[in-house]
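Here are my notes on the model, written as numbered points. Have the structure open while you read, and jump around as you like.

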Amino acid sequence: MRALFAAIERGSIWILLVTVILVLAASLRFADLGYSDDVTRFLPEGDPEVAQFTRIGNMFGGLNIAIVGLDTTEAGGDIFTPQRIDLLVDLSDKLRQVPGVRAVSSLATARDSRERTLPSGEIEVVVEDVIPAVPDSQVDADDLRRRVLGAPHLVGSFVSPDGRAALILCNLDDRISALDTAALIRTEVETRQLAERGLEAHLGGAPFISEGLARAAEDDLMLLGPLVALTILLIVFFSFGSIRAALLAIIPVGAAIVLTMGFMAAVGEPLTLISSSLPIVLLALGSAYPVHVVTHALRAASESGVWNRETIRTALERVGPPVLGAGVTTMIAFLSFLAMNLEPMRKFGLFMALGTLISTAMAVLVLPAAMLHIKLRPPTARGRIGARPVMWLQRCTTTLDRHARATLAVVLLVVIAGTVGVTFVRTDMSTSSYFTRETDTVRADHFLEDRFGGSLYLQIVVEGDVRDPLVLDEIARLEDFLATLEGVSDVRSVTEVIRIANRSLFGSSALPRRREQVMSLATLADDDPAVRMLVTRDWDAALVQVRLGGFDADAAEVLAERVREYVQEQMPRASSAVSWRTPTTSPDTIALALARAARSLTTVLYDSTEFSPARHNALTDAIARGLSAERATPGEDFPDDLRRTLERHLNEHELIYLEGGPAALPRVVDEFLAAMEREVLLYETAAEILFAHADAEERDAVTEAHAAGKSAGGFERAVGTIHRSVRELQDSVVKEALLSEVRAVTTDVASVWDDPVRGERAEQILADLLDDLLFLPHESALELPEESLRTTATTAAVSGYPVLWAGMNASIRANQVKSVTVSIVVILFVLTVIFRSVIIGLAAMLPTALTLVVAFGILGLSGTPIDMGSTMITSIAFGVGIDYAIHFLWAYRRRLADGRREAGFQAIATAGPSIVVNALEVGLAFGILAFGTVAPMSRFGVLTGETMLLAAGATLFLLPPLLWRLNVPMLK
């Protein structure tokens, strides 16, 4: 240290000048500091979840959904007034124009099927906008309210069940910063005079959670940073009794922060949720080094009575080595983050290590250079920690040593209690757990949870030919399964759009069973902007949007795992369309049909995927009884009913032009009757009869379309309408029997049948059994090759921000094990080198180890959860908390020639004051973080401050008696 001091003395002016220039240059780069909210960076490189998320995002243009909620503030009011509907429509249109918004969904963009009475008195079903025009009067608004609240696919998705709140969903483009887009959306919403219309806005979803965290982190940094600096300054001032000495102790770490942040900006490294805490953490930790130097310098000045170069040299010789040792161990703690495979954590560790290095250099190079030109007055007894506190510390240590067994027993009890408490430590990664108080983001989350069941979306991509009814059937079964899972509040997919279009064209809300019908509906649905968010342009993949309520990262991972299990078991298997309800239908096919229908009903009616043999058998028997009911075909009125039905479609509606006109109708009726005497009327049979009797122009158009590989849309839609009408005559009795039998065995859940969504879905499952095609899993169809008409396969994958967040938290926890292991091993090696003893190295680590057990034990026993910030503390504590032991052991070794007991007393007298001052400033500085808004950093601050204070106490009270009893030789 003498040589180092000599060099500092010779070049002190240059050291100070270069430091000032570097700090000024670094401060000019602050404007270049950005912020990154990319969650994928918190997952390991090459992680399959990230690859999956990116792939699905590219397929659909992004998976990020920002939610704008509009809530009425007046008592008894709702969203359905002309003024509020006008605002909803206008805001939806303006948000669609915001850069970074790919698509907008709301009542203003939604479509629905609607019955309309024609001049002829006939009723047709059309698909049109839910809000074709802003209501002119409250009467029109009330009519809109009635229609919207009567549409199950709109309630819970775009409007609350009570009509008091509405949602606007903005799908964001992943190629543009979600933070920037969210900020633009917020600005657009805030420009509206919502209060004047009795409305309040709530902004939620993953983008606004990230934006809220970014804003809160920035606010915390601007507010708490100066408070931390002021706290440290005041503690140092009251300890030294000199404002000049306090400034000398705080300015070097300030310069280190500026240099570190400036270097981050220079290399283009943005801040993240983790690294945004770097200035405050570095301020609290880095201030320890200059505090030790100033403390020893003032002590040396007090001993000699003067302040001169010898004072500074003496201080540097005494404290320089332990400061360097402490800096090295702290750097190792942060460099251990490089063992992680998470880029943001590695970068945080790297830049904190750099900041620690700069802080250490400031303490042993720049600070001595400054003290050569700034004269400090030797402190009086009032201006420093006097002899009485030192004597009290020494007396406590002696008492603990005298009652070693009792002390050991107490320590063991504390360790045992702490260890037990650690087993109760739980994690909490819910949205509200990221904030310490009711912020706008938390209030929005509560609003969305209360009114709409949640704000975050899980996405499942189903890949296959979505125009194939088999694939649509698999998607519908997947939706049934998802609806049973705890935490799922809403499920939406392209099946909803297809059902609406099917009701418009064919009068049925069921999914079509034939490819030709789906292709016609797909062409119609392509005009709906919502379709682009649910299916690819080529219709080779569909997206199922699953809204989660009460989001928790761990719960989301459990839910995602259940979905993965389902898709791995069900989706990779091909499905087959099997001919059904024919005279040749095999008993095996019938058994499979009944079993599958019973299983699907169990899922929908009982909201459960748990297999219950008794329930399954009861439903199977009920379905069998319903299907065995006598058909309406033999009735004597049936031919007349059939003739009237065909006459309406062929003559009045002219869906198909017959060769010979109305005179050909009797022959068509006879052929239909003959076909229906043989078997249940098939779509293909109806198509053959109608094609044979169609006029030449109609037949030529159909032939040309099929030859070109296209769908004969008009003819096929007409056949579908006629076939369905005729089949309704046949199946009306069977349908009533099925519903009656199944309702009779489900009286324990009778209220479910009144549910507009689940009741309708249960009826659709039964209605599917009345079709002439049945969809069965492929392995079942393999047993029935003669009845299998066609086969298709689907695959599915789960993704979304909840999955990434769950993976991020799990990955951070797992990586902490790596970091802690590296930190402990390397620090132990460094301590062994410094003190030439493994046992002394272990002894130095003991106070911090005990402290961590106690700290985490308190968390577990008190029920306080840990989060992303808390998981960082272990590695940091080992590197930072051990600083106190290093300073104590260094002072202890210097006076070891006087005897072990005297050396302990002298170490307490010399190192004790600086340890106490440092522990107070670091503990209180980190404690200030408790007042921050970002919960992970708040808990991190409280836990770190608590750990530092406990580590200092354990060092001063437990380490001396331990050293006296170990009797391990220490080389000077």
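1. Let's start at arginine 836, which sits in the loop between helix 29 (801-835) and helix 30 (838-862). Helices here are DSSP runs of H or I with at least four residues, strands are runs of E with at least two, and both are numbered from the N terminus. Arginine 836 has a positive phi of about 55 degrees, although it is not a glycine. Most residues other than glycine have a negative phi. With a relative accessible area of 56%, arginine 836 is exposed. For this and later points, buried means under 20% relative accessible area, exposed means over 50%, and partly exposed is in between (1.4 Å probe, protein chains only).

2. A word on what you're looking at: this is a predicted model, with local features needing pLDDT of at least 70 and side-chain atom pairs counting only at pLDDT 80 or more, while totals for chains, interfaces and linings use all residues. Residues are numbered from 1 along each chain as its sequence is written, and side-chain values use heavy atoms, with hydrogens and water left out.

3. Tryptophan 539 is another non-glycine with a positive phi, this time of about 60 degrees. Is tryptophan 539 buried or exposed? Tryptophan 539 is buried, at a relative accessible area of 0%. Its place is the loop between helix 18 (515-525) and strand 9.

4. Now the overall numbers. The protein has 34 helices and 13 strands, and 57% of its 972 residues count as buried. Taking contacts (heavy atoms within 4.5 Å) between residues at least 6 apart in sequence, 80% join residues at least 24 apart. The accessible surface is about 39,000 Å², and carbon and sulfur atoms account for 58% of that; the areas come from the Shrake-Rupley method with a 1.4 Å probe, and for residues only the protein chains shown count as cover.

5. On to the largest pocket, with a volume of about 1,200 Å³. Of the 40 residues lining the largest pocket, Pro152, His153, Arg492, Val757 and Arg758 are the closest to its centre. A pocket is an open set of points on a 1 Å grid over the protein atoms alone, where a 1.4 Å probe fits, with protein on both sides within 12 Å along at least five of seven lines; lining residues have an atom within 4 Å of a point. Points are joined across faces, edges and corners, and the volume is the space filled by probe spheres set on them.

6. What classes of residue make up the lining of the largest pocket? There are twelve nonpolar, twelve polar and 16 charged residues. Nonpolar covers Ala, Val, Leu, Ile, Met, Phe, Trp, Tyr, Cys and Pro, charged covers Asp, Glu, Lys and Arg, and the others, Gly among them, are polar. Elements that each supply at least two lining residues include strand 3 (111-117), strand 8 (488-492), helix 17 (494-506) and helix 27 (758-768).

7. Four of its five residues are buried, so strand 8 is largely enclosed by the rest of the structure. Strand 8 pairs with strand 9 (residues 541-548) in the antiparallel sense over four bridges; two strands pair if DSSP finds at least two bridges between them. Arginine 492 stands opposite glutamine 545 in strand 9.

8. Strand 5 (residues 165-172) is mostly covered, with eight of its eight residues buried. Ala165, Leu167, Leu169 and Asn171 point one way, Ala166, Ile168, Cys170 and Leu172 the other, and all are buried. Strand 1 (residues 64-72) runs antiparallel to strand 5, joined by eight bridges, with glycine 69 opposite leucine 167. Strand 2 (residues 101-105) is also antiparallel to strand 5, over four bridges, and there valine 101 has leucine 172 as its bridge partner.

9. Alanine 560, in helix 19 (residues 553-570), counts as buried at 0% relative accessibility and touches Val798 and Val803, not counting residues up to four places away in sequence. Threonine 933 is in the loop between helix 33 (900-928) and helix 34 (935-966) and counts as buried at 9%. With that same exclusion of residues up to four places away in sequence, the residues threonine 933 touches include Ala216, Asp220, Tyr434 and Arg437.
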